[in-house]
Amino acid sequence: MIKVIVSVLLLALLCCGIGYQQLQSALKMPLKVENNTLFKVERGTGFNQLCQAWQTNHWVDSCFKFQVLAKLDPTLTDLKAGLYELNSRSVVDNIRLINRGAEVSFSFTIIEGQPLRDVVANIQKQAYLTQDLDTENLATQISSTQENLEGWLFPDTYHYHSEDNASSILKRAYSKMQQELDAAWQNRAQDLVLNSPYEALILASIIEKETGLASERPMISAVFTNRLKSNMRLQTDPTVIYGIGADFDGDIKRKDLTTYTPYNTYKIKGLPPTPIAMPSRAALLAAVNPPESEYIYFVSKGDGSHQFSKTLQEHNRAVHQYQLNK
């Protein structure tokens, strides 16, 4: 094999008029691009086409030396289609990047507590992503079993390559939530008031939206659990806001609390019909493992934390202290 390479090298030197030192310098020649320059290799692109495109962009002065190198090392011509992030290292290093199929990776993040409409709106703005979402039949497109995707997309960062489908990311997020919910449900408390994993998902979404401090998730879960056990209404503002939908102006009013929607937990008993946001793993675990507590009320202190109370009298004092005196 070595004899063959040497023979080809000698032939190249003799026939092409290129010296050994020139080939060595070609191996080290930098690609004249700024770091993180994006370049797309279309399917079927040949080595000569690639080099000529780079020459047109003034990233290389000439293709001749690199064509000789490709003759000596045919693996350089194995180009994989995709979008690549070029750098100012050698031309050969950048070609090797394409040989390996090391495409540039992008990311999309679903944030804890986001409602479905925000997730969909954000993913539709993602660059280098094929927008194939059927927003009218989204649940059917992403899941074969769910009628509503709210709550079913796990908050996390998902990486993708250029021209991946938006639906493929949401399918991964849905699959991840299925796994996380199943794991949480398998480790639920024995005397849990919830009757199904879906009820746990609903409660977890409410806990997520009520949480100002992550450390308070278990105690907020305890309050809602105690209310469910006592057949009390949950009376939680995030469900009311969700029921108002896109018409919510950022200021919850008294009439909002007294107007019926299926999500107004000041008017309905028990849980709303669906989740109201995407809950985190911590919220799922809090929902299925509430700590023992006598608290049935809480009120915001205005700093992200809450004051928890066991009786209505205690709660009214807390409301007066932290809300009415503001």
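**A walk through the predicted model**

In this protein, the mean positions of the 32 positive and 34 negative charges are 3 Å apart. The structure that the reader sees is a predicted model, and every value in the following paragraphs was computed from that model.

We can begin with the chain as a whole. Its secondary structure comes to 14 helices and eight strands. The radius of gyration of the protein is 30 Å, whereas the globule rule gives 20 Å for 326 residues, and because the value is well over that of the rule, the protein is more spread out than a compact globule. The box that the C-alpha atoms fill, taken along the principal axes, comes to roughly 100 × 40 × 35 Å.

The next topic is how the chain is packed and what its surface is made of. Of the 326 residues in the protein, 42% are buried, a word that here stands for a relative accessible area under 20%. The accessible surface comes to about 17400 Å², and 49% of that surface belongs to carbon and sulfur atoms.

From the whole chain we can turn to a pair of cysteines. In general, a disulfide is a covalent bond between the sulfur atoms of two cysteines. The structure holds one disulfide, and it is formed by C51 and C63, whose sulfur atoms are 2.4 Å apart. C51 lies in helix α3, which covers residues 47–56, while C63 lies in the loop between α3 and α4 (64–72), so the pair ties together parts that are 12 residues apart in sequence. The link of C51 and C63 is left-handed, with -110 degrees about the S-S bond. C51 is buried, having a relative accessible area of 5%, and C63 is also buried, with a relative accessible area of 5%.

A166 is found in helix α8, which covers residues 166–186. Is A166 buried or exposed? Its relative accessible area is 0%, and therefore A166 counts as buried, since the cut-off for that word is under 20%. Leaving aside the neighbours within four places in sequence, A166 is in contact with I123, L129, T130, Q131, D132 and L133. N148, by comparison, is 18 residues from A166 along the chain, and the C-alpha atoms of A166 and N148 are separated by 18 Å.

Definitions and conventions:
Residues are numbered from 1 along each chain as its sequence is written. This is a predicted model: local features need pLDDT of at least 70, side-chain atom pairs count only at pLDDT 80 or more; totals for chains, interfaces and linings use all residues. Side-chain values use heavy atoms; hydrogens and water are left out. Helices (H or I, at least four residues) and strands (E, at least two) are DSSP runs, numbered from the N terminus. The radius of gyration is taken over C-alpha atoms; the globule rule is 2.2 Å times the number of residues to the power 0.38. Buried means under 20% relative accessible area, exposed over 50%, partly exposed in between (1.4 Å probe, protein chains only). Accessible areas come from the Shrake-Rupley method with a 1.4 Å probe; for residues, only the protein chains shown count as cover. Lys and Arg count as positive and Asp and Glu as negative; His and the chain ends are not counted. The place of a charge is taken as NZ of Lys, CZ of Arg, CG of Asp or CD of Glu. Contact means heavy atoms within 4.5 Å. A disulfide is a pair of cysteine sulfur atoms within 2.5 Å.
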